[in-house]
Amino acid sequence: MSFASESPVILQRLRTETRPYHDALEQNEFNQALNAGQVSAAATQWFLAKLYGFLKPYEAQLDQHQFSPAWEIEQRHRAHLILADMPPDASLPLCPDMPPLTTWPQLLGALYVMEGSTLGGQVINRQLAKAGIESRTYFSGYGERTGPMWKRFCQLLTEEATDANQAEIVDSASLTFQKLHAWINQP
Ligand code: HEM
């Protein structure tokens with residue numbers, strides 16, 4: 001049996017249906033510079049400021065919801081890590097056009113996107129270290145706990161997914177990717 005057929009349906013659907021959005025997001029200016037070995041501290045801080053502008057209102061929505069301790073939701077707040085990477089006078093505008101994050105399935109879809117970004121963060125962290133960029137608190141993220149934190153998240157998400165809410169979770173993940181993409185590409 002292949003890995004794909006063993007993976008819970010919700011995770012398969014999320015991965016498959018949001019892949020085009022992930023691939024589009026990966027083409028952002030910062031990541032292109034990173035891949036070309038031409039990243040600068042300024043470009044890194046620009047990207048971090050964008051992420052902050054999205055993470056902050058997203059985390060405010062998470063705070064409106066009661067999570068059981070298993071979610072370790074406090075640890076999954078990461079906007080404050082960005083502040084450690086920024087100059088104290090940095091301008092940090094917030095994204096004005098967030099996806100709707102009020103229902104439980106909507107939150108689950110957005111959590112999938114933002115928790116999944118910790119995986120790419122590990123790759124970015126290594127590339128930044130190689131380029132001698134110091135601002136890496138955010139991308140270091142969960143550090144060596146990244147794998148276990150992701151695995152645990154996937155288990156919890158799978159437990160919460162039902163036939164009735166699956167479509168709403170996937171739609172929310174797709175919309176979260178699209179809104180993040182639009183925000184990052186907005187000058
Ligand atoms: C803020 C932008 C990004 C978001 C929101 C994001 C989101 C995600 C998500 C949701 C996953 C989980 C996919 C799954 O279901 O397995 C993932 C995985 C991954 N992402 Fe990203 N990502 C972002 C940027 C990047 C960038 C720039 C890179 C390249 C350096 C990258 C590389 C990866 C890698 C290597 C994985 C793991 C794939 C695997 O192990 O199967 N991501 N990302």
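At what angle do H6 and helix H8 pack, and how far apart are their axes?

Modeller: Keep in mind that this is a predicted model. H6 and H8, the latter spanning residues 146-160, pack at an angle of about 160 degrees. Their axes lie 10 Å apart. Angles over 145 degrees count as roughly antiparallel, so H6 is roughly antiparallel to H8. Their crossing is left-handed. On the H6 side, the contact is made by Leu108, Tyr112, Glu115, Thr118, Leu119 and Gln122. H8 answers with Thr146, Met149, Trp150, Phe153, Leu157 and Glu160. By class, this contact of H6 with H8 has seven nonpolar, three polar and two charged residues.

H6 also packs against helix H4, residues 41-62. Here the angle is about 155 degrees, and the axes are 12 Å apart. That makes H4 roughly antiparallel to H6. The crossing of H4 and H6 is left-handed. H4 brings Thr44, Tyr58, Gln61 and Leu62 to the contact. H6 brings Leu107, Ala110, Met114 and Leu128. Six of the residues in the contact of H4 with H6 are nonpolar and two are polar, with no charged residues.

The axes of H2 and helix H9, residues 166-185, come within 10 Å and cross at roughly 15 degrees. An angle under 35 degrees counts as roughly parallel, and H2 and H9 are therefore roughly parallel to each other. Their crossing is right-handed. From H2, the contact takes Ile10, Arg13, Leu14, Glu17, Thr18, Tyr21, His22, Ala24 and Leu25. They meet Gln166, Ile169, Val170, Ala173, Ser174, Phe177, Gln178, Leu180 and His181 in H9. The contact of H2 with H9 divides into ten nonpolar, six polar and two charged residues.

Note on methods:
Residues are numbered from 1 along each chain as its sequence is written. This is a predicted model: local features need pLDDT of at least 70, side-chain atom pairs count only at pLDDT 80 or more; totals for chains, interfaces and linings use all residues. Axes are lines fitted to C-alpha atoms, for helices over the stretch in contact, and angles run from 0 to 180 degrees between N-to-C directions. Helices (H or I, at least four residues) and strands (E, at least two) are DSSP runs, numbered from the N terminus. Angles under 35 degrees count as roughly parallel, over 145 as roughly antiparallel, 65 to 115 as roughly perpendicular and the rest as oblique. A crossing is left-handed if the near helix is turned anticlockwise from the far one by less than a right angle, and right-handed if clockwise. Two residues are in contact if their C-beta atoms, placed from the backbone, lie within 7 Å. Ala, Val, Leu, Ile, Met, Phe, Trp, Tyr, Cys and Pro count as nonpolar, Asp, Glu, Lys and Arg as charged, and the others, Gly among them, as polar.
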